Amino acid sequence: MLISKLVLKAKYSMVDILLVYVVITAAVFVVVFMLLPRYGPHTISRLTCPRCKKKFNYHWVPGASFISLYRGRNRRLKCPYCHIVSTFDVVSTKLTTEQARLLKAKA
Ligand SMILES: [Zn+2]
């Protein structure tokens, strides 16, 4: 009887932990995918497509993207002009805040 009560209690606390876990995951998900890309520190990289040699800007959030965890400094992106996926080094092509500001002022 005592054991079944304990098992029942363990079952309930498992549900609680799972619920907390789901809520935390949802909160992290919202922050990482919705708040940071919108309000977080943006980094803009000026990329040049290796195929068509056209330049385009790529906005990204340093550290927030899960992709950066396993890709490091490279991102596989589709060129907006020729629509061919290439690997770009987004770290070395990063614009300084001053360059980004000038770019925004021009646009
Ligand atoms: Zn291209």
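What you have here is a predicted model, where local features need pLDDT of at least 70, side-chain atom pairs count only at pLDDT 80 or more, and totals for chains, interfaces and linings use all residues. Residues are numbered from 1 along each chain as its sequence is written.

Zooming out, the protein has three helices and four strands (DSSP runs numbered from the N terminus, with at least four residues of H or I for a helix and at least two of E for a strand). Follow the chain along its sequence and the pattern reads α-β-β-α-β-β-α.

Now back to the strands. β1 covers residues 43-48 and β2 covers residues 55-60; they run antiparallel, joined by six bridges (strands pair if DSSP finds at least two bridges between them).

| Hairpin | Residues between the strands | Residue with positive phi |
|---|---|---|
| β1 and β2 | six residues | K53, near 65 degrees |
| β3 and β4 | six residues | H83, near 60 degrees |

Most residues other than glycine have a negative phi. K53, in the loop between β1 and β2, has a positive phi near 65 degrees although this residue is not a glycine. In the loop between β3 and β4 sits H83, another residue other than glycine with a positive phi, this one near 60 degrees.

Is K53 buried or exposed? K53 counts as exposed because it has 10 other C-beta atoms within 10 Å (12 or fewer means exposed, 20 or more means buried, and in between is partly exposed, with C-beta atoms placed from the backbone). H83 is exposed too, since 10 other C-beta atoms lie within 10 Å of its own.
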